[in-house]
Amino acid sequence: MLLRHLITALLVFIGSAMLGCASTTPVVAKNPYPALHDHLFPSYASFPIETEEEVFALEEDAQLFVDEAVFESGGKTTNVKGLISSIFDHSEMGLLYRSNANSVASETFYNRSANCLSLSIMTYAMAQHAGYDATFYEVDIPEYWTRRDGFSFLNGHVNLTINVPKDPLVTNIGPSSADVDFDPQMIRTHFPRVPVTKRLVLSMFYNNKGADALIANSYTRAYSYFRAAAVLSPELQQSWVNLGVLYRMVDAFEAAEQSYQFALNLDENNLTAWDNLSILYYHQGLFDKSAQIKAKVEAQRKENPFYHFILGEQALDEGELADALEHFQRALRLDNTRHEVFFGLAKVYYEIGDISNAERYIKRAIQLAPNSQDENRYMSKLSTIALNY
């Protein structure tokens, strides 16, 4: 089965997901890279891009929240754990995970929802306000896809470490450093991670906003964001891949190939770039070239449970229930701990009328759900099944 568009979106989950500072909107008059094609979207500059200051700014209420969570005894003691606990504590901020919550720090605070990237951005801003040192990290997780509005998203992951600087005038309560992550399993699993700059994180934010615009069919806005990400951090491969997807969707095939090749020049092992290049060749009728690339990519992905999971999701979208069942079962054999796979199996069995198996697998998904949102979503589906049968 041919994979559909793979949009490399960073969600922390990025949260990202699918990680020196620019102080102004990164828009330039001339194309600094051949893979940028402003003539295809001549009005792109009319779509404003948030500046770094706007992305990381905290309004007065958020600053007060930090002060109350961190400082005690008139500012003579500080508590980094108090800040993190307040962010996640339902009686305080009660922040909830939402994969498509690509928001600036102030919006994240007021909306009380975030993905891993927007969580990291807001927490970084709060740490800075408290006088702490903060470092972004990009986590090297296995390829992991999710589905949204008919697109497949390859997710990255970003998290944050906060350190309390030594100050002889301030007493620190508790640990002097703490990791912040929406998924504690990421920390416990000890996936490799590398520090990344604030500039690169800002580019990731632009990339995510571009993906949001693309799936909303706002192609010029998407170009504006992808372009901003690419200009600010040309080393960010997913921006070039996403530009290629965008170009292909407006039938600019040569530009799409150029953009994919740009990403591959940065990393010749970028499977997402190769996969999208295969899709491009398929649309151009270059079936042999497409198949050769596809075979190479599949050979490297065949032992990845999420590869089979996303193929199952796509087959389910297309009504190919037998194919969907086969892929989900293969994913389950490779990893029997993923709630998404059990939910996928539940959906297939529901569609074919096997209600007993549908209930069995959705109950297992509930047991494995990593957060209350997913657990509640699965329980709602289970209740719907029970009411209808």
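## The nonpolar cores

The largest nonpolar core holds 48 residues, and Ile87, Ile121, Met126, Tyr132, Phe136 and Tyr206 are the ones that touch the most other members. A nonpolar core here is a set of buried Ala, Val, Leu, Ile, Met, Phe, Trp, Tyr and Cys residues joined through side-chain atoms within 4.5 Å. Buried stands for under 20% relative accessible area, exposed for over 50%, and partly exposed for what lies in between, with a 1.4 Å probe and protein chains only. Helix α5 (residues 116-129) gives this core its largest share, 8 residues. Domain 1 (50-195) and domain 2 (196-299) each contribute at least three residues to the core; the domain bounds come from an automatic or database domain assignment. Another core, of 35 residues, lies apart from it and includes Ile215, Val245, Phe262 and Trp274. As general background, nonpolar side chains tend to be buried together in soluble globular proteins.

## About the model

This is a predicted model, in which local features need pLDDT of at least 70 and side-chain atom pairs count only at pLDDT 80 or more, while totals for chains, interfaces and linings use all residues. Residues are numbered from 1 along each chain as its sequence is written, and side-chain values use heavy atoms, with hydrogens and water left out.

The protein has 17 helices and 11 strands. Helices (H or I, at least four residues) and strands (E, at least two) are DSSP runs, numbered from the N terminus. Of its 389 residues, 54% count as buried. The protein exposes about 17,100 Å², and carbon and sulfur atoms supply 49% of that area; accessible areas come from the Shrake-Rupley method with a 1.4 Å probe, and for residues only the protein chains shown count as cover.

Let's look at a threonine and a serine. Threonine 123 sits in helix α5. Its relative accessibility is 0%, so threonine 123 counts as buried. Leaving out residues up to four places away in sequence, threonine 123 touches Ile87, Leu160, Ile162 and Val180, where contact means heavy atoms within 4.5 Å.

Serine 259 belongs to helix α10 (residues 253-266). Serine 259 counts as buried because its relative accessible area is 0%. Beyond its neighbours within four places in sequence, serine 259 is in contact with Ala35, Trp240, Leu243, Gly244 and Tyr247. A polar atom of the serine 259 side chain lies 3.4 Å from the backbone nitrogen of glycine 244. Leucine 277 is 18 residues from serine 259 along the chain, and their C-alpha atoms are separated by 9.6 Å.

Strands β7 (residues 145-148) and β8 (residues 151-163) pair in the antiparallel sense over 4 bridges; two strands pair if DSSP finds at least two bridges between them. From β7, Trp145 and Arg147 point one way while Thr146 and Arg148 point the other way, and all are buried. Arginine 148 has phenylalanine 151 of β8 as its bridge partner. The hairpin has 2 residues between the strands, and aspartate 149 takes a positive phi near 55° there.

## Positive phi in two loops

Arginine 112 is not a glycine, yet it has a positive phi of about 60°. Arginine 112 lies in the loop between α4 (105-111) and β5 (113-114). With 29% relative accessibility, arginine 112 therefore counts as partly exposed.

Asparagine 217, also a residue other than glycine, has a positive phi near 65°. The loop between α7 (198-215) and α8 (219-232) holds asparagine 217. Asparagine 217 is exposed because its relative accessible area is 54%.

## Arginine 360 in helix α16

Is arginine 360 buried, exposed or partly exposed? Its relative accessibility is 48%, so arginine 360 counts as partly exposed. This arginine 360 lies in helix α16 (residues 355-368). The side chains of arginine 360 and asparagine 357 are joined by a polar contact of 2.8 Å. A polar contact is a pair of N or O atoms within 3.5 Å; within protein, one must be able to donate a hydrogen and the other to accept it, and residues adjacent in sequence count only if both atoms are side-chain atoms. Leucine 382 is 22 residues from arginine 360 along the chain, with 9.6 Å between their C-alpha atoms.
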